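Subject: Structure handover

Hello,

Please find the structure below. Notes on what was found in it follow.

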Amino acid sequence: MLKEFKDFIAKGNVMDMAVGIIIGAAFTAIVKSMVGDLINPFVGLFLGGVDFTNLYVVLSGDVPSGASLEAAREAGAAVFAYGAFLMAVINFLIIAFVVFMLVRYVNKVKDMAAREEEAVEEPAPAGPSELDVLLEIRDSLKQA
């Protein structure tokens, strides 16, 4: 069983997946910062200064008016945190868009590389050689 596990880990796909997970975790931190530090302030500005992440509805419990989502949760109230959900959706859409653009770019690079390989593999058709031209002239003169 240990040998099978070693063979599994040694496969290239597992290593590629591990690298992808590590890069994905770092990428998630970047996107989270971008959304929290760059996009949320603009959304709040358009909503009249409302902090988008603190939009919630109290379902049960006693929460002071204007309390943050964190304060409402600490008070033990059941809250419907639709602002946090909307931010998760925005995070997902941003990540999906960036991944789409990345995959699109990688596919373009692969297509360009494939076209270059095809151009290299298929030499341009050569014209008739000097000997072919001379033989054709000779045959033309014989017929005349």
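For residues, buried means under 20% relative accessible area, exposed over 50%, and partly exposed in between (1.4 Å probe, protein chains only). This is a predicted model, in which local features need pLDDT of at least 70 and side-chain atom pairs count only at pLDDT 80 or more, while totals for chains, interfaces and linings use all residues. Residues are numbered from 1 along each chain as its sequence is written, and side-chain values use heavy atoms, with hydrogens and water left out.

Salt bridge. A search of the whole structure gives one salt bridge (a side-chain nitrogen of Lys or Arg within 4 Å of a carboxyl oxygen of Asp or Glu). R138 and D139 form it through their side chains, at 3.2 Å from N to O. R138 is partly exposed at 42% relative accessibility, and D139 is partly exposed at 35%.

Nonpolar patch. V57, L59, F80, Y82, F85, L86, V89, F92 and L93 make a nonpolar surface patch of about 880 Å². Patch members have over 30% relative accessible area and no salt bridge, with nonpolar side chains (Val, Leu, Ile, Met, Phe, Trp, Tyr) joined within 5 Å and like charges within 9 Å. Areas come from the Shrake-Rupley method with a 1.4 Å probe; for residues, only the protein chains shown count as cover. Two or more residues each come from β1 (57–60) and α4 (82–121); helices (H or I, at least four residues) and strands (E, at least two) are DSSP runs, numbered from the N terminus. Helix α4 gives the largest share, six residues. F92 lies in α4 and is exposed, at 55% relative accessible area.

Loop. G66 sits between β1 and α3 (69–74) and is exposed at 77%. Its C-alpha atom is 9.4 Å from that of N54, twelve residues away along the chain.

Regards
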